[in-house]
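Hi everyone, thanks for making time. I'd like to walk you through one model today, so let's get it up on the screen.

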Amino acid sequence: MPPTRLRSSRAALGLAAGAVAMSLVMATDAHAAVLWDGDASKGTGVFEAVLCPAPGAARVRNWGDAHGNFFEFLKPAGSERCEGHGISTPGLLRNDSTLWFGWDSMTRTGNAQTVFQWKSNGGNDQNQQNYPVIMKVEDSRLKVWYVAPGEQWNAIGSAPWTPEVWHSVQLGITTSSAAGGSAEVWLDGNRIAHRTGIRTWDDLGNKPRWGTYGSTIAGVSSTNWVDAPVMGDARADVD
């Protein structure tokens, strides 16, 4: 049986938009700046790769309600990760630009550990930061860190996270290989993290990862459901 769910803000907005019959022109204008659309109806091919060792599963689910299709990242006991890695058009990820990512997320428990990474490309000997921005669901809170070169972890915000409830997340990143970058995170309509003057673009670039990952939960199963990941130029494009 699926968990008890609250309709996500973006799903509710979509239904409201349909109810008032927005014109095609208005809808097109509203989404003109969307750069990548990771809608689950397109399958896991919206990601550059899926990192989910068997018997884990990254798959499209639909519980037959208004929420529609979404991704399920199921990490089994004995494995450290199940993630959607990157986007199908990686060339859109560039230095010295502003990128916004939006998605809805629901975890089975309040300890899904890493649910998002702004992951550096290349191996550990090819980057300086590994993951400049990282989010964890831990102790029933969404916690956000900026990780500076030299593995210096800086907590930049957190907020309560209720498991088995859909949450709306937006992440804005201004990419910089020097110290001109920034990052901010919005959760359910409230900004919970913000940091400027940071390095957010590693030597070989970066990409997003969604899922559930962590050595501390390797012994238990963990699930993160992710709906409608999207990338745009501004928060309004991904909200």
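**The disulfide and a buried strand**

Let's start with the torsion about the S-S bond of Cys-52 and Cys-82: it comes out at about -95°, so this disulfide is left-handed. Those two cysteines sit in distant parts of the chain, 30 residues apart. Cys-52 is in the loop between strand 2 (49-51) and strand 3 (57-61), while Cys-82 belongs to strand 5 (residues 81-85). Before I go further, keep in mind that this is a predicted model.

The sulfurs of Cys-52 and Cys-82 are 2.1 Å apart, S to S.

Okay, on to strand 6, which covers residues 98-107. Nine of its 10 residues are buried, so the rest of the structure largely encloses this strand.

Which strands does strand 6 pair with? One is strand 11 (residues 167-174), running antiparallel to strand 6 and joined to it by eight bridges. If you want a spot to look at there, find Thr-98, which stands opposite Thr-174 of strand 11.

Another is strand 15 (residues 222-232), again in the antiparallel sense, with seven bridges to strand 6. Over on that side, Gly-102 has Val-230 in strand 15 as its bridge partner.

That's my tour, thanks.

How values were computed. Residues numbered from 1 in each chain as written. Predicted model: local features only at pLDDT ≥ 70, side-chain atom pairs only at ≥ 80, totals over all residues. Heavy atoms only, no water. Buried < 20%, exposed > 50% of the residue type's maximum accessible area, 1.4 Å probe, protein only. Helix = DSSP H or I, 4+ residues; strand = E, 2+ residues; numbered from the N terminus. Pairing = 2+ DSSP bridges. Disulfide = S-S within 2.5 Å.
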